[in-house]
Amino acid sequence: MNHSEVLGGYVNDIVGSPFRIQVTIKRHKRGINLNNLAKIGKLAISIALGFAIMPVASTYAEGVLEEVIVTAQKRAQNIQDVPISITALSGDTMDSLRAGGKDIRFLNGKAPSLVVESDFGRIFPRFYIRGIGNTDFDQNASQPVSLVYDDVVYENPMLKGFPIFDTERVEVLRGPQGTLFGRNTPAGIVKLDSVKPSQEFDAYVKISAGNLGVVDFEGAVGGPLNDSWSARLSVLHQKRDDWVANRASAIDPSLAFLDDGEFLEGYEETAARFQVAYEGDNFDALFNIHARDLDGTATLFRANIIQPGSNSLVSGFDERVVNFDGKNEQRAEALGVTVKLVWDLGDYTITSITGYETVETYSRADVEGGIGAAFLPISGPGFIPFPAQTADGIPDHDQKTQELRINNNNGEKLHWQAGVFYFSEHLIVDSFNFSDRSENFDGFARQRQDTRAWAVFGQFDYDLSEDLIMTLGLRYSDDKKNYSAFRSTDLFGVPALGPFPRTVVRPEDNEVSGNLSLNYTINNDVSVYARIARGFRAPSIQGRVLFSDSVTVGDSETITSFEAGVKSELLENTLRLNATIYTLTVNDQQLTAGSGVDNANVLINADKTNGWGVEVDAEWAASEKLLVTLGLSYNNTEIDDSELSVLPCGAGCTFTDPPGSFPGSVSLDGNTLPRAPEWISNLTVRYTQPMENGNLYLQTDWSYRSDINFFLYTSEEFRGDSLLEGGINIGYVSSDDKYEVAIYGRNITDQIKLVAGIDFNNLEGIINDPRTYGISFTTRF
């Protein structure tokens, strides 16, 4: 069947233009795991008392830390006053970490308990906090970590890849955020805030260039239009050359016609944001329009790169070469508009936030990662006995959100806010299968999903005494989905795999989430808090009927979390040291089960998942010249479901779990969650040396994660060893701060490791990016 004109048109369209109230579908025992709580209770008391009696010294009083303001509770507060485990990253910090054209995945490991990864590429990041995430790669997949960009939730995973540029701050909120942010936040939130227009003129241009043909341009200009209006334009352009070559002839010289030069792993991306702000006596408005255009390649899947019986890369592995017989391409366009209106009524403030987002994508990959043609009498490191070339795209999508809230302004002891929220999303996902490099597809499936959700919420802070503040919040959410899926063709031309009739499911649920916390000030430098919170993730649907005849629905998952923490500013405000311990229980956790045995991807619910851990954030101004930041977390997760079983990996894989509840399966009971390292840490050291006309600085940053499992089951092959990556920036800033020149390096030790896998029967893996380095120049006006 030749559908090249249809597919070509499709691609061109995309490219050219202690309280608990609940109602659930499935009931299980709810509550906090008391065993885990007992394990860490003494630790909580020890930490709190230790901080309280720590003497305030003046040894490192040469430099002073600046106050960090966050909006984690939808109002500006000192981070030390918020009873939530939070990490805040400034725009300057992110500029260094993002050097070399990095996408949003540069945040991976840059805050305690935070993981950001992808099997899809730049357009589809997946977020995990405290080990809770979703490994699903479908384009309607929901995630338990929400991304909020300039006050608007980005629900679809393709929206979450929007680039970070001209950004004021990133906040990582750990633990359930169900009161103020609602559905799909049981693990936490990553919150991004761009630099806003103001009545002060400022502008900058930053240009960098590096190896692999990296060119990175970022610039912004903003200032007053008149006494009431101001505007800001921000632009980003990133480019990297292709640096991986296809050498099909390495398997057999007769396949030389498939050879390509360096045609993989490159990209070119442009993004822009234009904002206009109005500031009146009792009314403010902010209008934000933003867009993105990406042309690149999908993640490279590499066949037969894992040594059987281990997770080591095969001898002679070369990251610059693949052996493909398929195409690899990825494109995305996104557009969004946000309108924020604020009325100051004296005693009260009303805030309205209206958002519209749309994204269109097309991504095609050689998924089996090698050369698959059973009739060819060949073998080799890239050969596999079957072809698997697929593409997925979003031809039609829109998301509409509306939030309206009111808060009091002048409460002496009581501060409150209440509001309503509405969410609507329309989504179509098309999937194609190909047998060669042409545009002739022999499999086509379509999914359509329409979501409607609404919520009412309220939260108040009440000063029980001069030193003790109580926070209480509740939210009622209602969520409905209307979903359909069908396959219109015989798959691979095989009648037995003929069309799959249109199947419709309409899951819905409503939930109550909330939080209760107490924040106690011990002295001017130290406070302690305790927080219990409940969050939920709405029902999800998995319907990749391109290769299967089933549509699965994951029931709502709920999480109950208890955390206790201490926040301190010590050594005459030169040391900020915050620590948190927590325990959590997830009921009916939605998990994605995939297996190379049956090539199916389905949603399952685990009866219970338990977790506990510790998080530490530290920032130390050791002197006026030396600044040190440290983040550290330990996250323990364990599936608690004696009946939960899945099919493991295909032939050639050494799985290590006991037999499961049905033939050929393995049990997941007691396993850790996938892509959930126990240890995550990061360290940044910046030293500044004043000079006659400026400052010379040296900054190095390092991030570490311990080993991980790639899938729900465990195996010798599909696991990742611990990974340590470092970066460096050496630069000079003029005394008037108008000019800066720097050299940078990322992954400076050139660690190349297995970071993900595909569990077909060909020991297929994905690796991390190689070392990058270059030079940058910034001028400010």
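This is a predicted model: local features need pLDDT of at least 70, side-chain atom pairs count only at pLDDT 80 or more; totals for chains, interfaces and linings use all residues.
User: Over how many bridges do S37 and S38 pair, and in which sense?

Analyst: The pairing of S37 with S38 is antiparallel, and the number of bridges is 12.

User: Which residue in S37 stands opposite Val-628?

Analyst: S37 is also joined to strand S34, residues 626-639, by nine bridges, and these two strands run antiparallel. Opposite Val-628, the residue found in S37 is Val-685.

User: Which strand gives the largest share of the nonpolar patch?

Analyst: The nonpolar surface patch covers about 870 Å² and includes Tyr-687, Met-691, Leu-696 and Tyr-739 among its residues. Strands that give two or more residues to the patch are S37 (679-691), S38 (694-705), S42 (739-746) and S45 (772-780). The largest share amounts to three residues, and the strand that supplies them is S42.

User: Is Met-691 of this patch buried, partly exposed or exposed?

Analyst: Met-691, one of the residues that make the nonpolar patch, has its place in strand S37. Buried would require under 20% relative accessible area and exposed over 50%. Because the relative accessibility of Met-691 is 46%, the residue counts as partly exposed.

User: Which residues of strand S4 point the other way from Leu-114 and Val-116?

Analyst: In a regular strand the side chains alternate between the two faces of the sheet. In S4, residues 114-117, Leu-114 and Val-116 point one way, and all four residues of the strand are buried. The residues that point the other way are Val-115 and Glu-117.

User: Which residue in S5 does Val-115 stand opposite?

Analyst: S4 pairs with strand S5, residues 126-129, in the antiparallel sense, and four bridges hold this pairing. Within S5, the residue opposite Val-115 is Tyr-128.

User: Which strand supplies the largest share of the lining of the second largest cavity?

Analyst: The second largest cavity has a volume of about 120 Å³, and 16 residues line it, with Asn-140, Ser-142, Glu-155, Gln-449 and Lys-481 lying nearest its centre. At least two lining residues come from each of S23 (414-434), S24 (441-463) and S29 (540-542). The largest share is three residues, and the strand that supplies it is S23.

User: Are Glu-155 and Arg-183 buried or exposed?

Analyst: The cut-off for a buried residue is under 20% relative accessible area. Glu-155 falls under it because its relative accessibility is 11%. Arg-183 has a relative accessible area of 10% and is therefore also buried.

User: How many residues apart are Asp-769 and Lys-102, whose side chains meet in a salt bridge?

Analyst: The side chains of Asp-769 and Lys-102 meet at 3.7 Å, N to O. The pair links distant parts of the chain, with Asp-769 in the loop between S44 (764-767) and S45, and Lys-102 in the loop between helix H3 (91-97) and S4, and the separation is 667 residues.

User: In which strand does Glu-511, the salt-bridge partner of Arg-534, lie?

Analyst: The closest N and O atoms of Arg-534 and Glu-511 are 3.3 Å apart, and both residues are buried. Arg-534 lies in strand S28, residues 526-537, and the strand that holds Glu-511, residues 508-521, is S27.

User: How far apart in space are Lys-74 and Leu-180, C-alpha to C-alpha?

Analyst: Lys-74 lies in the loop between S1 (69-70) and S2 (77-78), and this lysine counts as buried because its relative accessible area is 17%. Lys-74 and Leu-180 are 106 residues apart in sequence, while their C-alpha to C-alpha distance is 7.7 Å.

How values were computed: Residues are numbered from 1 along each chain as its sequence is written. Side-chain values use heavy atoms; hydrogens and water are left out. Patches are made of residues with over 30% relative accessible area and no salt bridge: like charges are joined within 9 Å, nonpolar side chains (Val, Leu, Ile, Met, Phe, Trp, Tyr) within 5 Å. Accessible areas come from the Shrake-Rupley method with a 1.4 Å probe; for residues, only the protein chains shown count as cover. A salt bridge is a side-chain nitrogen of Lys or Arg within 4 Å of a carboxyl oxygen of Asp or Glu. Buried means under 20% relative accessible area, exposed over 50%, partly exposed in between (1.4 Å probe, protein chains only). Two strands pair if DSSP finds at least two bridges between them. On a 1 Å grid over the protein atoms alone, a cavity is a set of points where a 1.4 Å probe fits but cannot get out, and a pocket is an open set with protein on both sides within 12 Å along at least five of seven lines; lining residues have an atom within 4 Å of a point. Grid points are joined across faces, edges and corners, and a volume is the space filled by probe spheres set on the points.
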